[in-house]
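Please examine the sequence and the structure shown below.

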Amino acid sequence: MSVTPGTSRSAEVPDDGHPGVSHAVLLDTLWASMVSLYADLTTAAAAHGLTYSQAKALNVLRQGPVPMRSLADTLRCDASNITGIIDRLEARGLVHREASPTDRRVKNVVLSEEGAAVVVRVRDGMHATHQALGALSDAERATLDGLLSRLFQTDGHPTA
């Protein structure tokens with residue numbers, strides 16, 4: 001965990017005036033966690049010839065077919081960028097496009113069997129993340145899951 005040079009975690013004053021951990025400290029903790037998760041996912045994805053963005057797309061598709069526009073929104077990227085990501089995944093047989101059953105103008109991206117297997121292998125290869133989560137008790141993991149779910153849900157769908 002890093003804090004601003006010259007400060008310490010105990011020197012932080014809670015933002016709302018109530019005793020507890022300040023937003024600044026929580027932001028530092030979240031930032032460090034995201035950096036670690038990004039590095040672990042990037043390393044695990046590279047072991048399977050994938051970029052971080054490709055691995056994120058596959059992870060989102062684990063939950064079912066997603067329209068191209070929604071996938072771009074979820075991954076917070078430009079439509080042209082998601083097209084390139086999906087083109088490369090499709091060329092490897094990890095996903096395919098199909099017309100939406102409700103609107104033939106919409107193309108859904110669907111995870112293939114091989115794509116689903118690759119997602120499992122990438123997630124299994126995130127050794128640092130598994131080690132960190134493994135250090136938590138069952139109750140701590142349940143609490144963490146509940147807190148993160150409350151904080152980072154959008155429109156009923158998890159973020160990437």
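Strand β3 is largely enclosed by the rest of the structure, because 4 of its 5 residues are buried. Here, buried means under 20% relative accessible area, with exposed over 50% and partly exposed in between, for a 1.4 Å probe and protein chains only. Strands (E, at least two residues) and helices (H or I, at least four) are DSSP runs, numbered from the N terminus. The model is predicted: local features need pLDDT of at least 70 and side-chain atom pairs count only at pLDDT 80 or more, while totals for chains, interfaces and linings use all residues. Residues are numbered from 1 along each chain as its sequence is written, and side-chain values use heavy atoms, with hydrogens and water left out.

In the protein, the secondary structure amounts to 7 helices and 5 strands. Of its 160 residues, 26% are buried.

Strand β3 belongs to an open sheet of 3 strands, in the order β1-β3-β2 and with antiparallel pairing. Two strands count as paired if DSSP finds at least two bridges between them. Strands of a sheet pair through backbone hydrogen bonds, either parallel or antiparallel. At the edges stand β1 (66-67) and β2 (95-99), each with a single partner strand, so one side of each lacks a neighbour in the sheet. Between β2 and β3 (residues 107-111) there are 5 bridges in the antiparallel sense; A99 has K107 of β3 as its bridge partner, and E98 stands opposite N108. On the other pairing, 2 bridges join β1 to β3, and V66 has V109 of β3 as its bridge partner.

N108 is buried, with a relative accessible area of 8%. Leaving aside neighbours within four places in sequence, N108 is in contact (heavy atoms within 4.5 Å) with P65, V66, P67, H96, R97, E98, S100 and P101.

Helix α4 (residues 79-91) lies across β2 and β3 and runs at about 115° to β2. Such angles, from 0 to 180 degrees, are taken between N-to-C directions, and axes are lines fitted to C-alpha atoms, for helices over the stretch in contact.

Another helix, α2, is largely enclosed by the rest of the structure, because 7 of its 10 residues are buried. These are Q54, A55, K56, A57, L58, V60 and L61. The axes of α1 and α2 come within 9 Å and cross at roughly 95°. The two helices are therefore roughly perpendicular, a term that covers 65 to 115 degrees, whereas angles under 35 count as roughly parallel, over 145 as roughly antiparallel and the rest as oblique. Y38, L41, T42 and A45 of α1 make this contact with Y52, A55 and K56 of α2.

The interior can now be considered. A nonpolar core is a set of buried Ala, Val, Leu, Ile, Met, Phe, Trp, Tyr and Cys residues joined through side-chain atoms within 4.5 Å. The largest such core has 27 residues, of which L50, L58, L71, I82, I86, L89 and V95 touch the most other members. At least two residues each come from α1 (23-46), α2, α3 (68-74), α4, β3 and α5 (113-124). Helix α2 supplies the largest share, 5 residues. Apart from neighbours within four places in sequence, L50 is in contact with A45, L58, L89, R92, L94, V118 and V122.
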